[in-house]
Amino acid sequence: MDSFIVISLIKEVVVFGVLLTTLAYLQWVERKVIAHIQVRPGPYRVGPHGLLQPVADIIKLLTKEDLVPPYVNKPLYLLAPFLAMTMALLSISVIPFGPQIQVAGYQTYMQLTDLNIGVLFVLAVSSMGVYGIALAGWSSNNKYALLGGLRSSAQMISYELPMSLAIAAPLLISNTLSLRGLVEKQAGGIWNWNVLHGPFPQIVSFIIFLIAAFAETNRIPFDLPEAENELVAGFHTEYSSMKFASFFMSEYANMITVSCMATLLFLGGWVAPWPAEYGSSYVPAAIFLLAGLVALYHGFHPARRRDGYTLPVFGVLFLIAAAVFLLPMVQSWLIPLFWFCAKTGGILFGFMWIRGTLPRFRYDQLMGFTWKFLFPVAMLNLLVTGFLVALRS
Amino acid sequence: MGDPVNPEQTAVAEEEKPQTGSRRMVLNMGPQHPSTHGVLRLLLELDGETIMKCEPQLGYLHTGIEKEFEVKNYQQAVTLTDRVDYLAPLSNNLGYCLAVEKLLSLEIPPKAQWVRVMLTELTRLNSHLVGLGTHALDIGAMSVFLYCFREREDILRIFEMFSGQRMMTSYFRIGGLALEPPRGWQERVKKFIDTFPSRVDEYENLLTNNRIWMGRTQGVGRISLDDMLDLGVTGPMLRAAGLKIDARKDEPYSSYEKFDFEVPVRTENDVFARYLVRIEEMRQSAKIVRQAMDGMPEGPWKADDQHVVLPDREKMKTQMEALIYHFKIVTEGFRVPAGEVYQVIESPRGELGFYAVSDGTARPFRVHMRTPSFGNLQATSVMVEGTLIADVIAAIGSMDFVLGDTDR
């Protein structure tokens, strides 16, 4: 019992430490990705390649004046960012990152807690997150914020329906609500992942899930609640300093959560695309080796003066990482973790890519899209899946 | 456009009124708002997100430039015209110079005219690029904005090469150009104009067939052609409504009749049609720039009139007469025969008119500008009433106005 508490505490510290660092650096990655889509270098001044930019941003946000306008509804105004942030961070606690591992003689899962209703828990918590935004919009007593809050409530509630229907289909196939159980059902290889797995490949519900995820996380093309060019800053117009930052971080935390969910539900979680006996365990090492060589090459042929100092260091780090992936004692947990992060990262990259490409929907078009298109398609998909699953059993 | 109204008071008055139906909210959009392109203020009366009434309020960027013309001499006043429509400085320079040159009955040598055509067309590209970029940014397509500014940077560098300035160029002067065209300008312009059409294709790839873009722009911002003519709307907005009107073709100035180009016309009369018209205008302008560059005549770049045009530096130092003229022009300017003139040019935004009155002295008695932005902005209320907030953004983006051009 004591060891359970100690292990849980250690896992909490590790998971939340990693999560908060990822949140800060995800923003750096996003700025870099968008910048390169838009033919500009992005953050480049603070640290090598702007790597210390997140630190600078945090210091800036912490030291900004924390202004509470006199006309707000104070209790709700103060509650809203906490609510948004807490709900966004909470769902990470049921996400499994890898299989059972052995650390210092203790067997444990790479997961904070394995709820047998993990999927429902994530859905419930993400629905609660809407309150943060709706309350922020209403309590700010500002017209732009109010419109943003209204839009957001309507949008999130509408998109939750197709999202839940899209989630229900793979659940029918796997016949479990535990996120760990879901992944274990998809073990074996890419043909066992729910997105391709028979009796009915869930490609449609995967796409619907992703679209609804964009809407749930208020990302372009569904970023109406904070549509900067219409509603100034939408629901967080009146928030400053860390209160603003908590909305910002909750958006990124939600992005991570939905990407993790998509990975677990459809892409087989930490399962490698093909079994280890055909060499899938060498892929991570190969990728890092390639990255290291590319970095070294560009470090010795620098395009910018500073690259000559920074890129060789990155290159060596990548090569060390490649070597670590070949060590047998860490392979058992590092390689599943790699696949999980790679899949989640790929989806996150998709989020950023879309942001650099598409314009924004109009409010009525957005609602029409979900009710007239996404909802019926998700329903149909669920029906067909249900029939096929029933026939098979 | 009416007295400024305190929005808080309006809101309170609105609430106090006994109302039977749903209550309306008054939203004060601007003057500090990311998408009102400067300091336009729109008073919107909302029912939910639907706009019941829209009242644009101008005057937040009033500079008094028209009045300032009266205390500058004719040549000095060229620099004022840059500041009016700061996205199309050379078009304004050209309109003003042509008006004064008409009063002076001054003959401009062909080389100066062709350089003027080339640079005003580059100005049109510059203005359309900013217009398209900010319009797309307002609708959420962030990358198009930065792509447009990449090309704009090249244009601004060309301007800098010619005049030493990026924005407030003042390169056209009464009697010709301010400076001789710099060495090597052909290569710079050629390099730009060779890549530019493919860059326009890039914008079109991102936007023209994009379903979201079409959904946001098609059928939005409609206003009947008669209403537009009544309100004084000009330029691409009229051409997107099917009226083929372009001062470059209708009343050619500065040798525009010698250039081969089309005036694009669409009939859909919505935000999407205006976007397509501007895209096609960019292609046509690039064509004109190429023609002007290839067929650039040789010869002097300023008029041969020593009363108006400054003498060459060399002559000034060797000839007594030239020195005297230089002194006279610099200290008191040149006298312009009494009379009045109205000169129209096609600026990127529409019909730009300069009405200049001279009383025979060295300073204008009055210069009035008929600026296209002011006329175009009048259409706002008609366009957006009954639509959604998001449509206001699309509609005012498609008008492509510059507030400096509206309040001069």
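Helix α4 of chain A, residues 118–139, has 22 residues. The model is predicted. Beyond this helix, the points below cover a sheet in chain B and a helix of chain A that lies across part of that sheet.

**Helices of chain A**
- After α4(A) comes N141(A), which has a positive phi, near 60 degrees.
- Helix α5 of chain A covers residues 143–174 and lies across β1 and β2 of chain B.
- The direction of α5(A) is at about 110 degrees to β1(B).

**Sheet of chain B**
- Chain B has an open sheet of three strands, ordered β1-β2-β3, with antiparallel pairing.
- At the edges are β1(B), residues 25–29, and β3(B), residues 50–57, each of which pairs on one side only.
- From one strand to the next, the twist averages 20 degrees.

**Pairing of β1(B) with β2(B)**
- Strand β2 of chain B, residues 41–47, is joined to β1(B) by five bridges, and the two run antiparallel.
- Opposite M29(B) stands L42(B), a residue of β2(B).

**Pairing of β2(B) with β3(B)**
- Seven bridges connect β2(B) and β3(B), again in the antiparallel sense.
- E45(B) has K53(B) of β3(B) as its bridge partner.
- β2(B) and β3(B) make a hairpin, with two residues between the strands.
- In the turn of this hairpin, G48(B) has a positive phi of about 70 degrees.

Technical notes: Residues are numbered from 1 along each chain as its sequence is written. Chains are lettered from A and ligands numbered from 1 in the order in which they are written. This is a predicted model: local features need pLDDT of at least 70, side-chain atom pairs count only at pLDDT 80 or more; totals for chains, interfaces and linings use all residues. Side-chain values use heavy atoms; hydrogens and water are left out. Two strands pair if DSSP finds at least two bridges between them. Helices (H or I, at least four residues) and strands (E, at least two) are DSSP runs, numbered from the N terminus. Axes are lines fitted to C-alpha atoms, for helices over the stretch in contact, and angles run from 0 to 180 degrees between N-to-C directions. Contact means heavy atoms within 4.5 Å. The expected span of a helix is 1.5 Å times one less than its number of residues.
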